[in-house]
Amino acid sequence: MYGIYYLMKSSNNLWSLRMRASRTENGKAFHISGAEGIYEDERIQPKIREYYLRAIHHPRGRPDSIVITIERIGVEPLEIPILPVSTLNRSSPPEARAVATEILLRAGVSEMAIRVAFDIVDSRITMRGAALVMADSGLRVEPDRERGVRVSRLGIDRATERKLSRRLHGQGINTTTVKEALVLASKVASCDGIIAELCVSDDPDYTTGYVASKDIGYVRITNIKERGSMKGGRVFFVSGDDVSGIIHYLEKTPVMVKR
Ligand code: WAQ
Ligand code: MG
C-alpha cells in the first residue's frame, strides 16, 4: 500500500524543464543557449530563474527570445549509471584533437566519420542539437540538419548529485557545465546504437571538450578549441538501422542518473 502510494507520488512531482535562447539574425534564429533537466516541483521556481539568468547573461550574446517549457513527467524515469570522469591535458587544438581521434578510433569509429564530426564542430553555423553520424560510413542521418537532435528529459538524483559534487570538487571541476555535460553524456552512452560521442562547447571562453562512451567513460580533453571561437557542437556516432528509435530515446525517454 505504502509502496504504491510512494510510486505514484514520486512520478507525479517530477517535471521536465527546458530552456532555449536565441536571437534573430537576418531572419534566422542564432542559437545562444539551451538547458534541460528533470526536477521535483519545489525546485522548478529557482531553476526557472537560474535558466533565465543563464540565457540573459550568456557569453554568446544577448537573446531576443527565451523559451522555457515545463512539462510533467508522467512515468518513472529510467535509472542509468553515471560515466566515470577522467581528464587529458593537452596544450593545443591539434594535440587535443589527435588524442580525441585516437580514442574514437579505438571505440570503433572510422577515420571518415571522425573527419565528418570535426567538420561539424568547426562549422560556422552552430546547431541547437547534435548531429548523428554513422560510425562506419560517416553519413549524417539526423532528419533536421539545421537543428540536430536535442537530448532532453534527463536529470540526476539529488543524493547522487551531492556525491558527484564532492568528487568533482576534489578534482577542482565542480561546475554546472561539467555536471550537466556529464549527465547528458551518461544518457547518450546508455542509448543502444550509439557507439561514442564527441563534444566541443560553443561558448567562446570554454575550451575543454570531451569524448565519451559506455566503455571509455567521460574523457575530458583540454584545449580542444581556440579561445574566443563561437564554433562548437556535438556528434553522436551511431550504428545499426534504428535511427528513429535512437532519436526517440534521446528526446523523449525520461532518464535519471543514479548510483
Ligand atoms: N542535446 C543535443 N545537443 C546539444 C545539447 C542537447 N541537450 N545541448 C547542447 N548541444 C550541442 C549544441 O550543438 C551546442 O552547440 C553544443 O552541443 C555545445 O553545447 O567536462 O558547454 O552547451 O569540462 O556549449 C563540455 C564540458 C561542455 C567539458 C559542453 O556545451 C568538461 C558545453 P554547450
Ligand atoms: Mg553553449
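Predicted model: local features only at pLDDT ≥ 70, side-chain atom pairs only at ≥ 80, totals over all residues.
Good morning. Arg150 is buried, and Glu36 is buried as well. The side chains of Arg150 and Glu36 form a salt bridge, 3.0 Å from N to O. This bridge joins distant parts of the chain, as Arg150 sits in the loop between β6 and β7 while Glu36 belongs to strand β2, 114 residues apart.

How many salt bridges are there by this rule? The count comes to 17, and I shall present two others.

The side chains of Arg234 and Glu197 meet in a salt bridge at 3.0 Å, N to O. Because Arg234 lies in strand β11 and Glu197 in strand β8, the pair ties together parts that are 37 residues apart in sequence. Glu197 is buried, at 1% relative accessible area, whereas Arg234 is partly exposed, at 22%.

Next I turn to helix α2, residues 44–56, where Arg54 and Glu50 lie 4 residues apart, about one turn of the helix. Their side chains form a salt bridge of 3.6 Å, N to O. Arg54 is partly exposed at 21%, and Glu50 is partly exposed at 31%. Both residues belong to a network of salt bridges that also includes Lys47 and Glu180.

Let us now consider the surface. Which residues form a positive surface patch? They are Arg158, Arg162, Lys163, Arg166, Arg167 and Arg259. Of these, Arg162 is located in helix α5, residues 158–170, and is exposed, with a relative accessible area of 52%.

Finally, Ser229 occupies the loop between β10 and β11. Ser229 counts as buried because its relative accessibility is 19%, under the 20% cut-off. Leaving aside residues up to four places away in sequence, Ser229 touches Asp202, Asp203 and Pro204. Thank you.

Terms used
Residues numbered from 1 in each chain as written. Chains lettered and ligands numbered in written order. Heavy atoms only, no water. Patch = residues over 30% accessible without salt bridge, like charges linked within 9 Å, V, L, I, M, F, W, Y side chains within 5 Å. Areas by Shrake-Rupley, 256 points an atom, 1.4 Å probe, with all protein chains shown as cover. Salt bridge = Lys/Arg side-chain N within 4 Å of Asp/Glu carboxyl O. Lys, Arg positive; Asp, Glu negative; His and termini not counted. Charge placed at Lys NZ, Arg CZ, Asp CG, Glu CD. Helix = DSSP H or I, 4+ residues; strand = E, 2+ residues; numbered from the N terminus. Buried < 20%, exposed > 50% of the residue type's maximum accessible area, 1.4 Å probe, protein only. Contact = heavy atoms within 4.5 Å.
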